[in-house]
Every structure is written in C-alpha cells, then in structure tokens.
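Subject: Structure handover

Hello,

Here is the structure I said I would pass on. Please open it first, then read the notes below it.

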Amino acid sequence: MTRVEELETRLKLLVDFGGVVSKETNLNRLLELIANQVRTILNCDRCSVFILDTRSNALWSKIALGMQHTEIRVPFGSGIVGHVAASGGTVNITDAYSDPRFSKELDRLTGYLTKNILALPLKNVGGHIIGVFEAINKLDGSFSVDDEGILQLISSLAASAIENAQLYESLSKSQLETIYRLATTAEYRDQHDTAIHLRHISEYSALIARGMGLPDQEVEIIRYSSPLHDIGKVGIADAILLKPAKLTSEEFEEMKKHTLYGAKILSNAESELLRAACKVAASHHEKYDGNGYPSKLHGEQIPLYARIVSVADVFDALCMKRVYKPKWAPEKAHDYIMDESGKSFDPDVVTAFDRMFKDILKLQNASFDGRQSIIPGITKEINRREF
C-alpha cells in the first residue's frame, strides 16, 4: 500500500468511526466498539479505553482486548495510564520494559509481552480529562507520529461519545432507582411480597422474554418494569392486605382493585419503562381465556409484557408459603403453569417458560445477598432494623 493509499484508508476508517460511535449509548458496548476500531485503525495488537472515576481517583477499563475483557484498575498518577491522566500529555514508548513508569506485573500474570505503547488522554470539550487511550504493540514496528495524530483525532470523537453514553447511563440509573423505590413501597405494605419476590419477578420475566426471542432492549424493559406489577397495593387497606387468613369474596373484590390503583399511579408517564409498568400493573391478573380481572381481556388483547409477568408472578407465588396455603414444590408449580396454557396463560409464554425452566430454577435456588437489589448500581437495600 502506498503512502497515499494508506492515508485514504485511514481517513475512511475515521469517517466510519465517527458514524458508528455516535449511535451507541450503552457505555460498555461503546468502549468495546471504540477499542476495536482503534486497534484496526492503528494496526496494533491491543487497545484499552480507561475511564477516570473521580470518586475513587482511579482509572478503570472493562475493555482490554485480547485479555478476555479483564477489568483493570489503575490509581491516578500510577503507571503509564495514570501518568498520562495526571500530566495530560501523550506518551509514545518504543521499549516498554526500559521505561520506569511501566508496570511488568500484568504481563507477569497474563504471560503477555508488552513491547511498545502509545497512550493519550481523552479530553472533553471543556478540556477536562475523562479517560486515557492505551494502544499496545504496533504490528509493524513502533507507533509513529502519524499514529499519534490519528489517535488525537479519534480521542475528540470518542470523548464526546463517551460523555453522552455516561449521561445516558446516569439518567437510566436514576430512572431505575426511582422504579426500585416505588416497587419497595409496595413491598413494605405487603408482608408477603418480599424483596426476594420482587427480584424473582424481575429475573423470571426477563428469562421468559428472552425465551420468547424478544430483542435485548425489550428484555431489559420487562426486567425493570415488572417489579412494579403490584404497586397498586399501596391503595389497599391494611385490614385486607395484611389479613392473616384467606380473603372473603368481598375482600377479594376490594383486593382486585390494586390493578386499577396501579394503573392510575403509573398512567400518563413519558418514560417508556413506566408506560410498560402501567400496562403490567393493570393487566397482570387478566387471563388468556378472558376470565381474569379487572377488564376480562382475552388473548392478545392483554399486553404482552403483562402476559409474561402473569406467568412469572403466579409461579413465584405458588412457590412461596402463604397463611392460606403451603409452599409448592417448583415442579408442581411448573406443572400447574403448563396445565393452564391457553386458559390462564398465553401458550407462547408458557412454552418460553418451559424452555427457560432450568434457568429459572437456578435463580430460585441461588442465595440472595441482602446487599443486592433488583436494580443494577444499587448495592444496599434498606434494612427495616435500621429504623
């Protein structure tokens, strides 16, 4: 390839790079995408994208291509990456082992041999460092001045995309935290519906959705909207909600209203998650044959997410002890779900439930860590004994 052809090829790759990264809002996927693109453009063996965590004053990378995506954490100011973040300058090292800033520990642990390194800071539009690019082992010699210039161009595009993805992730986490706190409001009112039940509903519903072949985005929507299925129970009187016995027919009619209360609480939401949760809250007690409540919907009149949550909810409820019934064995609850296919439940949802049953059992048997929650990013649940 001539010099002109090489420059034209790189220019095309840069244009493609800008178009691709601007569309990705998931931070982890974006970082992997960037690392792959940079490795191709610079013709090197590995590329890592380190993000500055200002809270811990460290740089982290979940993306270390060629290293099974091992997460790496580096203290600010330590090593090559830490030095670049602290100084804000570019480092181009032709012999890594002769540079005192280079740590040989990672090579020793992985058996990898680092030869040369090009590291450059990622700066946002305000000039603040948000991370570091680290390219390792140029495949045809050492990194050149041209490589430095290209990586600088890439960094400006990448920094903007990373900040957008971080903002999107922050907004998503805030929304999910709000949903979690709404869900636990219903949990605290109903002593039957524990945090384990909410977690099970979330994970079982996601597994069933995946078993039906729904896209990842829809699987995540149902994962995070399903815990709000019983939010309407906040409107049910304690005498009914907490009654230590089976409900009378009149009390059960009142209990049914929790679906209407839930729909009312979640109605007119702009959030896609809350709109999905509204449908689930309103319709998760509808039955496929039209004999459910509150509206006696049947078949595909019932929103798909509600049809999925209905199966997850009934299965988990059957497997939990109640004052009016013993705990069912999972296999017995499974057989009940199968028998109700076409009656209480959508046959396609039941088929997916059966397909994912082994995974559902694994989740059911997994120990529940009280520090976990149903929402990623929240690691500590409220403990009633703290009050």
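Among contacts in the protein (a contact means heavy atoms within 4.5 Å) between residues at least 6 apart in sequence, 59% join residues at least 24 apart.

Some ground rules come next. This is a predicted model, in which local features need pLDDT of at least 70 and side-chain atom pairs count only at pLDDT 80 or more, while totals for chains, interfaces and linings use all residues. Residues are numbered from 1 along each chain as its sequence is written, and side-chain values use heavy atoms, with hydrogens and water left out.

Overall make-up

The protein has 15 helices and 6 strands; helices (H or I, at least four residues) and strands (E, at least two) are DSSP runs, numbered from the N terminus. Of the 387 residues, 46% are buried. Here buried means under 20% relative accessible area, exposed over 50%, and partly exposed in between, with a 1.4 Å probe and protein chains only. The accessible surface comes to about 19,600 Å², and 53% of that belongs to carbon and sulfur atoms. Such areas come from the Shrake-Rupley method with a 1.4 Å probe; for residues, only the protein chains shown count as cover.

The sheet

An open sheet is formed by 6 strands in the order β3-β2-β1-β6-β5-β4, with antiparallel pairing. Two strands pair if DSSP finds at least two bridges between them. β3 (72–75) and β4 (91–93) stand at the edges with a single partner strand each, so one side of each has no neighbour in the sheet. On average, neighbouring strands are turned by 20° against each other, direction ignored. Axes are lines fitted to C-alpha atoms, for helices over the stretch in contact, and angles run from 0 to 180 degrees between N-to-C directions.

β1 (residues 44–53) and β6 (residues 129–138) run antiparallel and are joined by 7 bridges. The covered face of β3 holds Ile72 and Val74, and its uncovered face holds Arg73 and Pro75.

Helix α3 (residues 79–87) lies across β1, β2, β3, β4, β5 and β6, at about 140° to β6.

The largest pocket

A pocket is an open set of points on a 1 Å grid over the protein atoms alone, where a 1.4 Å probe fits, with protein on both sides within 12 Å along at least five of seven lines; lining residues have an atom within 4 Å of a point. The largest pocket is lined by 35 residues, and Asn26, Tyr168, Glu169, Ser172 and Lys173 lie nearest its centre. Which helix gives the largest share of the lining? That is α5, with 9 residues.

Most residues other than glycine have a negative phi, and most peptide bonds are trans. Asparagine 137, not a glycine, has a positive phi of about 60°; this residue is in strand β6 and is buried, at 9% relative accessible area. Lysine 296 also has a positive phi, about 55°, but is exposed at 53% relative accessibility. Lysine 296 lies in the loop between α11 and α12, and proline 294 is found in that loop too. A cis peptide bond, with omega about 10°, joins tyrosine 293 and proline 294.

Regards
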